[in-house]
Amino acid sequence: MRVTFLLMEGITKTFPGVLALDSVTFEMEKGEVCALVGENGAGKSTLIKILSGVHRPDRGKIFLEGKERDFRSPIDAIRAGVAVIYQELSLAENLPVYANVFLGKEPWKFGINHSYLEERTKLILEELGFDIDPKIEVGKLNVSEKQLVAIAKALAYDAKIIVMDEPTATLTEYEVERLFEIIKRLKKRGVSVVFISHRLDEIFEVADKVVILRDGKKVGEGKLEDFSRDDIINLMVGRKIEDMYPKYNSPEDDVAFRVKNFEVPGYVSKLSFEVRKGEIFGVAGLVGCGKSELALGLFGAMKSRFDEMMIFGRKIGKLKSPIDALRNGLVLIPEERKKHGLVLGMSVVENIALPNVDKVSNPMYLSWRKTTNLAESAVRKFNIKTPSVRQLVKNLSGGNQQKVVIGKYIFREPDVIILAEPTRGIDVGAKVEVYRMMNDLANLGKAILFISSELPEIVSLSDRVMVLHRGKMTALLHGDQITQENILKAATGVM
Amino acid sequence: MKRIMEFFRRNPALGGLIGLYIFLGFLSDRFLILSNQVNILRQVSTQAIIAFGMTIVIISGGIDLSVGSVFAFSAVVGASILKQGEVLLGILVAMGIGALFGSANGLLVAKGKMQPFIATLATMAIARSFTLVYTNGMPITGFPRAFGYIGRGEILGIPVPVIIMLVVLITMWYLLRMTKIGLYSYSIGGNEEATRLSGIRVDIYKIIFYTISGILSAVSAIILMARLNSAQPIFGLGYELDAIAAVVLGGASLSGGTGGIIGTFFGALLMGVINNGLNLLDVSPFYQQAVKGIVILLAVLLEKKE
């Protein structure tokens, strides 16, 4: 009888008050790439954490190569050959590559034989086609290279199953292609890969089969050939999404925002552009093109120089800190939600209060009643799903966290809104809501700068697109010119 | 039951206090009598006031090691003026010294981008040295009679130091819970960068937090001087550690973002009760530090455990 390579049978897991997984059965074959999809909170990470020994299931069994396994801790899972590469890579940044690859299993023979580890690491890296010096400190590598180190580390442990949690979220197009090459090589070696991603295009490119979870239940499974993009989305969301990229804003002729020769030293050189009232102005480019720094610079969070900056006819003289930007009606919905947007350990009401305190407080008294009212109206207006405004932000899903960030800044009634990667890591339903918010804000006459690495959304939502390459504008596209192809050409400096 | 456990996990000091009250209440017939309870409050008042200042600094993600030395320096400078018979001026100057050192700490941390531990370690050494130079190592004694009232007086049977402590307690509670300064201390401790990007002048608020800590060290010093009718150059040695312990026992985390004044009060009280109880039970004072250390470990372990 043929045995299934990995079989997780009838897995059920509850957390206080939540049924995270409801008898889910998950199986895959040797050398297979399986995409695991679902909205945030669907149970993907719980399933992975059970597979990797972080959690133990309440009910259900795990069989690997036909043998029943009981993973009591991550170490048990690693020893059995299950490796997880998390989005936040857990590498020792201060150690060289080879030390990371062999961390925890250095062969002991009167001390550590560094040159031996270096050799072994080099072999593994070469076999995978990675061009990384084993002696270099991991902290000096970029995200994509760090990911490769993590993969090498998994192989050094003889991993049979490698789980990749949103591996492409922070990669450039080119790096994504390279990762897919590597996944194909892993397949050839007989390694099974569980691939978690919000980007459906990638799933169709790299995976053999797909498993779709919703609300802790398996709602779909099968070969990818048997599914269309829309099938997967509809199964994930549990209802039909009519329009993935709603667009109904109408730009006016008046210029709302204008900069001349805007520079962020070292990142962005001499940019001049204007955004009209009601316009969604897209900013595209590869990772490292300077678009993130442009956002921080315009918001006063990074040092900048400029000849002129104008918001609704008001000249901005100095821009030394975000306070100057906020005073002049410019806000940034920051790219790194958890690092820059939120105080995770504080409640929804406190987070929303932060930039709005002066509305509800004088220096000697902060009215919690007014603050709560403010937060409750934000929760209603932006459809933030939370049991109460006193809920800690860290307990909300990614999409709802993002709505809190948007809410806290929009309540200042800004004129110019910069959204940096507003849909990163949030589920499909929440994405559509963010797009609608952008349209609604534009229709109130705001100027929207929409910075994103996801081309489909840039193409579908923007009225015009500015493309950056190495800190310079290489194209300003409008109308029919806005295509993924044109953007990519300009972003790689071909155009 | 779960709720009760959760409450004590968040308020480790209160759990310890209740335990100690039951324990000491049985073991010593003098422990629960009113005069002993008032005595405990009087003894903890100076420590608690310093710890209240430390609380806002620790919540904001900082630490202030200089409180003991600032305590001493503001005491001896104030004392030299009090000796001339100038009560009000002496008090104001002492508080001014506290404010000065506090704002210097704040400036070093906020504008100088120094780690709070290092910055206040340096000012701790400097203030102690100033104290020794200023006094030549000798105590300063002999203050006006009226000044002694602050340390030894009573209103309706309640010692003045206890009243001052309660006033500071209420003020600081109000500051942390009902003003934006308090909100910002939590948000800076929770995520400084996100707070800055919300358009808040993080630097200025940090300076305010450390200044409050400096002023409260001086307030505490004034009470102790008035009670002892002297100012000693060795005042305040090790007070920073007691204050930090009280704050941590009160449920704050040294990484910032959590904690509260009421918790700190229970933390300070817990340590006062330990001292008092060991005295009543005739335990050698040599054991006091060990008992305190064990209590701190237990409290933090309890808090960590989920």
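A: Two residues are in contact if their C-beta atoms, placed from the backbone, lie within 7 Å. Helices (H or I, at least four residues) and strands (E, at least two) are DSSP runs, numbered from the N terminus. This is a predicted model, in which local features need pLDDT of at least 70, side-chain atom pairs count only at pLDDT 80 or more, and totals for chains, interfaces and linings use all residues. Residues are numbered from 1 along each chain as its sequence is written, while chains are lettered from A and ligands numbered from 1 in the order in which they are written.

Let's visit helix α9 of chain B, residues 180–190, and its meeting with helix α11 of chain B, residues 202–228. On the α9(B) side, the residues that take part are Ile181(B), Tyr184(B), Ser185(B) and Ile188(B). Their partners in α11(B) are Val202(B), Tyr205(B), Lys206(B), Ile208(B) and Phe209(B). Sorted by class, this contact has seven nonpolar, one polar and one charged residues. Here Ala, Val, Leu, Ile, Met, Phe, Trp, Tyr, Cys and Pro count as nonpolar, Asp, Glu, Lys and Arg as charged, and the others, Gly among them, as polar. A handy bit of background: an α-helix has 3.6 residues a turn, so residues three or four places apart point the same way.

How do the two helices lie? Their axes come within 10 Å and cross at roughly 105°. Such axes are lines fitted to C-alpha atoms, for helices over the stretch in contact, with angles running from 0 to 180 degrees between N-to-C directions. Angles under 35 degrees count as roughly parallel, over 145 as roughly antiparallel, 65 to 115 as roughly perpendicular and the rest as oblique.

Now follow α11(B) along its length. This helix has 27 residues and reaches 40 Å from its first C-alpha to its last, close to the 39 Å expected at 1.5 Å a residue. The expected span is 1.5 Å times one less than the number of residues. Because 22 of its 27 residues are buried, α11(B) is largely enclosed by the rest of the structure. A residue is buried if 20 or more other C-beta atoms lie within 10 Å of its own, exposed if 12 or fewer, and partly exposed in between, with C-beta atoms placed from the backbone. After α11(B) comes Asn229(B), whose phi is positive, near 55°.

Back at α9(B), there is another neighbour to meet: helix α8 of chain B, residues 160–178. The axes of α8(B) and α9(B) come within 4 Å and cross at roughly 70°, so these two helices are also roughly perpendicular to each other. Leu175(B), Leu176(B), Arg177(B) and Met178(B) in α8(B) meet Ile181(B), Gly182(B) and Ser185(B) in α9(B). This contact divides into four nonpolar, two polar and one charged residues.

Elsewhere in chain B, Leu14(B) sits in helix α2, residues 12–27. Leu14(B) counts as buried, having 21 C-beta neighbours inside 10 Å. Not counting residues up to four places away in sequence, Leu14(B) touches Phe8(B) and Phe266(B).

Finally, step back to the whole chain. Chain B has 14 helices and four strands. Its radius of gyration is 19 Å, close to the 19 Å that the globule rule gives for 306 residues, so chain B is as compact as a globular protein of that length. The radius is taken over C-alpha atoms, and the rule is 2.2 Å times the number of residues to the power 0.38. The C-alpha atoms of chain B fill a box of roughly 60 × 55 × 35 Å along the principal axes. Of the 306 residues, 53% count as buried. Among contacts in chain B between residues at least 6 apart in sequence, 78% join residues at least 24 apart. Chain B also has a partner: 19 of its residues are in contact with 22 residues of chain A.
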